[in-house]
Amino acid sequence: MSDESLIRLATAAGLSVDWTDADNCPQRVEPQVLREVLGCLGLAAHSEADIQASLDLLAQQYNHGGVPPLLTCDQHAALELGSYFAPASHYQLTSEDGEARDGQLDEQARLPAIGTPGYYQLSIAEHQLTVAVAPHACPTVADIAGPDAWGLTVQLYALRRPGDGGLGDTQALETLARSAAAHGADALGISPVHAMFGAYPHQYSPYSPSSRLFLNVLHAAPGAILGERPVQLGIQTCDLGRERERLEQLELIDWPAVALSRQRLLRQLFEDFNRGGNAQQVDFDSFRASGGEALENHCRFEALHDHLRDAEGNPQHWNAWPAEYRDPASPAVAAFAREHADAVSYHAFGQWLMARGLQRAHVAARSAGMRIGLISDLAVGADGGGSQAWSRQAELLAALSVGAPPDVMNRAGQNWGISAFSPWGLQRHGFRAYIEMLRANLAHAGGMRIDHVLGLKRLWVMPAGADPKRGVYLNYPFDDMLRLLCLEAWRHRAVILGEDLGTIPEGLREVLAARGILGMRVLLFEQHDGHFQRAGQYSDQALATSTTHDIPPLAGWWSGHDIDWRIRIGQLSEAERESQWRAREHERAGLNRVLCEDGGRDPGQLLEVQQAVDAAACFLGHTPAPLALLPVEDALGLSEQTNMPGIVEIHPNWRRRYPYDSATLLDQPVCSRRLHCLNKARHDHREGSRR
């Protein structure tokens, strides 16, 4: 079998056989890697006959009957339809408000330009399809918040409030939002709140969810929706008082114990709610009805996942369920839902509480004066064994895992253990799964951060569990996905932030900027060999921030605390400590120089740790970035890292809590000082831009 036919199949399937790595070196994917990935795509490639059959199958998948169910175009631009219809074909175009107009395609078989963004129904030549007309760009931060916007980012689970039972919730978030607004913040970025696995609480990374359509009910604050009295009665009925107090006092979150405690309380509250006489019953019924098939499928999945356990009593991947339950549309699943109606309704109840709590927090932020409000965080993928992959099997690739190739940050590469969308599955189903995901994450937010925004164009994929070096880039319908993103952002009047770190395709940042999507510039990364960018050199097409959840806070970096951790977990040997510290001193001197110059200090004087964090907060405010975001970890001057990628057993990833109650967290003297400095720096930047 020739490599030529294999490459032809791989290219037709959207795989990049040739690519350029982070060191700007050309690379070619090994034939065996191509065969393995193609096999996970359902495209056999072990022989010439296999390849030809797979090419035929791929052609059928892409053609899907000729006319796709959804096409995208830009506002004020004609839509080329010559691939599907003849010139002068008659059509009827109906807008979302029901206004219909008749016409015919021009001599190039183009649909005339449409001036108003939206989803239009096109009837033409006995075909019905949707035309998504996108604005040229997403709403910008300047459009919504002006030229001096700034905000905070927070790990929701880390928040505290009295009586929270050991985990941050939407009530603590609501309180923090009001406090942040009082300090002058325009935005509050939160960690992902995607739905996890109710039956498997040991998986708690917010970036490895079961579904990006629904919410993590463990963060619900029932008292804010139902009232505190029913909650206190529920705690007494379940005898949870002492356990909740114990969990609150722990230094680190005990996710399994918190999940058990909260689920017991939620089930009791659901039973009490079901007895009737609740003023919120109408709202719950309305919420469930509006959630439609997608919500019903998620709730059925949760009930099935808890019910269909293996011989040892452990929850299973849905591929291991009896065959009749693997299809969400099967009669067996419908019968199960009828027989276990209370279990399914319970999961809908949890979603309702969480959605309403998140809504309250966003309304509180905006009402308190934030011009943007909450910024949601969209994870790059979902677990292949989860609700979203089960519900949308034709649109997700459960057999493949997303990750990153070896780069300057991680020379071994990364396998994130999450699944990706199927490019042709999306197209064949009118981008249904993508659109509903965008809407879900913009529902209660004034902005959205897209983790690994490069995934709109391409994703590094490999067979589930494989070495990340045995991966390949899978390409996506980038223009369509960008247009749909712009359209949904416009409809929700939301800003879009794209985490554009890592191995970046040439020209991608420019394309995203043209569409109004802010990139991301991280203080610790804006350097070359210890030579850091000055504030004025930062991009005006990207947000500015000090750190991320995957690298140490500034205080930890400045003191070398992260080096100690890397030795402790085995990433470095004790013998490497001295060389690592020398390199850090060199970088620290470079950052010290630009921070001192920015603040009018003597650059020859090394700042103390907390002085450096102070200076960094002011520095961010002086950049021309449309939005400056300061992580709460840096606002407080903390040293411990939120997450060390790839380290699960030794480092307490996603388990640290903030040291103070959310009502007073930002009022600590050191934090208040930094926020005042950042607020003043942004104000000075605005006044300077007006002169």
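Q: Let's start with cysteine 73: buried or exposed?
A: Cysteine 73 counts as buried, because its relative accessibility is 4%. Buried means under 20% relative accessible area, exposed means over 50%, and partly exposed is in between, using a 1.4 Å probe and protein chains only.

Q: What kind of model is this?
A: This is a predicted model: local features need pLDDT of at least 70, side-chain atom pairs count only at pLDDT 80 or more, and totals for chains, interfaces and linings use all residues. Residues are numbered from 1 along each chain as its sequence is written, and side-chain values use heavy atoms, with hydrogens and water left out.

Q: How many disulfides does the structure hold?
A: It holds 1 disulfide, meaning a pair of cysteine sulfur atoms within 2.5 Å. Cysteine 618 is joined to cysteine 677, S to S 1.5 Å.

Q: Where do those two cysteines sit?
A: In distant parts of the chain, 59 residues apart. Cysteine 618 is in helix α21 (residues 609–622), and cysteine 677 is in helix α23 (residues 669–690). Helices (H or I, at least four residues) and strands (E, at least two) are DSSP runs, numbered from the N terminus.

Q: And which hand does the disulfide have?
A: The torsion about the S-S bond of cysteine 618 and cysteine 677 is about 120 degrees, so the disulfide is right-handed.

Q: New topic. What is the strand order in the open sheet?
A: The 5 strands run β1-β20-β19-β16-β17, with antiparallel pairing. Two strands pair if DSSP finds at least two bridges between them.

Q: Which strands stand at the edges?
A: β1 (15–16) and β17 (414–421). Each has a single partner strand, so one side of each is left without a neighbour in the sheet.

Q: How many bridges join β16 to β19?
A: There are 4 between β16 (residues 396–404) and β19 (residues 458–463). Leucine 400 stands opposite proline 463 in β19.

Q: How many aromatic pairs are there?
A: The structure holds 24. One of them is tyrosine 207 with tryptophan 654, a tilted pair: 5.6 Å centre to centre, 45 degrees between the planes. Rings of Phe, Tyr and Trp (its six-membered ring) pair if their centres lie within 6.5 Å; planes under 30 degrees apart count as stacked, over 60 as edge-to-face and the rest as tilted.

Q: Which rings form a cluster?
A: Ring pairs link Phe270, Phe273, Phe284, Tyr346, Phe349 and Trp352.
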